[in-house]
Amino acid sequence: MTNRKVMNNKIIINSDSQTVLRSLASSSTTSNLIYDCHNALETLAASNDITLRWVKGHDGNPGNEAADSLARQATTLKVVGPEPIVPIPFSEYKTWLHEQTQREHSQLWANAKDCKQTKIAFPNLNQHLTNKLLRLDRSKLRKVVGLITGHSSLNRHLSIIGVTDSPLCRAWLEENETPTHVMLECTGVTEQHEIYLGSPATIPEVLSNLGGMLGFWNELGWLE
């Protein structure tokens, strides 16, 4: 605007960075970039009425969304111009890395042909549930992981590895004793279902209530 000799206008500059706005309002700074920006604003304000205003980022503001879009495009371009180049914030790198990792992880999981038992519990990646699992102590986590993967001390798995002769459910001898059967179908543990689990229809529903699920298995004592 200074180069275009804009004068006698009311100019409103929106920014989603509260840190930058506070820095510009400060009487001192150690940042060359903030210093240059402050001087440019002072020059522009000599012949214009300027207002700096904070707007919430990623909230549908057209100008802010356009600025973010152009900034993302700029990161893919070859750097041309005098040094020093304005660095990309480390937080931005972390965000990109996390998003890229999540996309690749989701695609890998969706295309995987094995881990069928685990896919019943995790049809899609669930970061919220993952965080809850990582906060469990080792004993509880061992039980939950065993139920998710099917590698637990239930008769179906024990019969596969040759520890027991029968894979049948100890409470209902007409079905194999698997996590899915016991937590969703078994009529032999109806009372425990009602107390701890309610009436879940899927394993992900059961996992959404880790406390109830662990209480259910502790009451049965089948995983000890």
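**Figure 1. His-58 in the loop between strand S2 and helix H3.** In this predicted model, His-58 is found in the loop that runs between strand S2 (49-54) and helix H3 (62-74). The phi angle of His-58 is near 55 degrees, a positive value in a residue other than glycine. Most residues other than glycine have a negative phi. The relative accessible area of His-58 is 63%, so this residue is exposed.

**Figure 2. Asn-8 in the segment before strand S1.** Asn-8 is placed in the segment that comes before strand S1 (10-15). Its phi is near 55 degrees, which is again a positive value in a residue other than glycine. Is Asn-8 buried or exposed? With a relative accessibility of 70%, Asn-8 counts as exposed.

**Figure 3. The second largest pocket and its lining.** The volume of the second largest pocket is about 290 Å³. Rolling a probe the size of a water molecule over the atoms shows where empty space is left. Which elements each supply at least two residues of the lining? They are S1, helix H1 (18-25) and helix H2 (32-45). H1 gives the largest share of the lining, 5 residues. Among the lining residues are Ile-13, Ser-15, Thr-19, Val-20, Leu-33, Cys-37 and Leu-52. Sorted by class, the lining has 9 nonpolar residues, 3 polar residues and no charged residues.

**Figure 4. Tyr-93 and Trp-96, an aromatic pair in helix H4.** The whole structure holds 3 aromatic pairs. In one of them, the ring centres of Tyr-93 and Trp-96 are 5.9 Å apart and the ring planes stand at 85 degrees, so the pair is edge-to-face. Both residues lie in helix H4 (residues 90-111), where they are 3 residues apart, about one turn of the helix. An α-helix has 3.6 residues a turn, so residues three or four places apart point the same way. Tyr-93 counts as partly exposed at 44% relative accessibility, and Trp-96 is partly exposed with a relative accessible area of 27%.

**Figure 5. Phe-216, Trp-217 and Trp-222, an aromatic cluster.** Phe-216 and Trp-217 form an edge-to-face aromatic pair, with 5.3 Å from centre to centre and 85 degrees between the planes. Both Phe-216 and Trp-217 are buried. Together with Trp-222, these two residues form one aromatic cluster.

**Figure 6. Helix H12 and the helices that cover it.** Why is helix H12 (residues 210-220) described as largely enclosed by the rest of the structure? The reason is that 8 of its 11 residues are buried. The buried residues of H12 are Leu-210, Gly-212, Met-213, Leu-214, Gly-215, Phe-216, Trp-217 and Leu-220. What covers them includes helix H6 (127-134), helix H7 (138-149), helix H9 (179-185), helix H10 (190-197) and helix H11 (203-207). Just after H12, Gly-221 takes a positive phi of about 75 degrees.

Figure 7. Which residues does Thr-180 contact when its neighbours within four places in sequence are left aside? They are Gln-117, Ile-120, Glu-185 and Ile-203.

Figure 8. How many disulfides does the structure hold? The number is 0. Cys-169 is in no disulfide, and the nearest cysteine sulfur, that of Cys-186, is 3.8 Å away. A disulfide is counted when two cysteine sulfur atoms are within 2.5 Å. Cys-169 counts as buried at 0% relative accessibility, whereas Cys-115 counts as partly exposed at 38%.

**Figure 9. Gly-81 and Leu-173.** Gly-81 is found in the loop between H3 and H4. The relative accessible area of Gly-81 is 45%, so this residue is partly exposed. Gly-81 and Leu-173 are 92 residues apart along the chain, and their C-alpha atoms are separated by 76 Å.

Definitions and conventions
Residues are numbered from 1 along each chain as its sequence is written. This is a predicted model: local features need pLDDT of at least 70, side-chain atom pairs count only at pLDDT 80 or more; totals for chains, interfaces and linings use all residues. Side-chain values use heavy atoms; hydrogens and water are left out. Buried means under 20% relative accessible area, exposed over 50%, partly exposed in between (1.4 Å probe, protein chains only). Helices (H or I, at least four residues) and strands (E, at least two) are DSSP runs, numbered from the N terminus. Contact means heavy atoms within 4.5 Å. On a 1 Å grid over the protein atoms alone, a cavity is a set of points where a 1.4 Å probe fits but cannot get out, and a pocket is an open set with protein on both sides within 12 Å along at least five of seven lines; lining residues have an atom within 4 Å of a point. Grid points are joined across faces, edges and corners, and a volume is the space filled by probe spheres set on the points. Ala, Val, Leu, Ile, Met, Phe, Trp, Tyr, Cys and Pro count as nonpolar, Asp, Glu, Lys and Arg as charged, and the others, Gly among them, as polar. Rings of Phe, Tyr and Trp (its six-membered ring) pair if their centres lie within 6.5 Å; planes under 30 degrees apart count as stacked, over 60 as edge-to-face and the rest as tilted.
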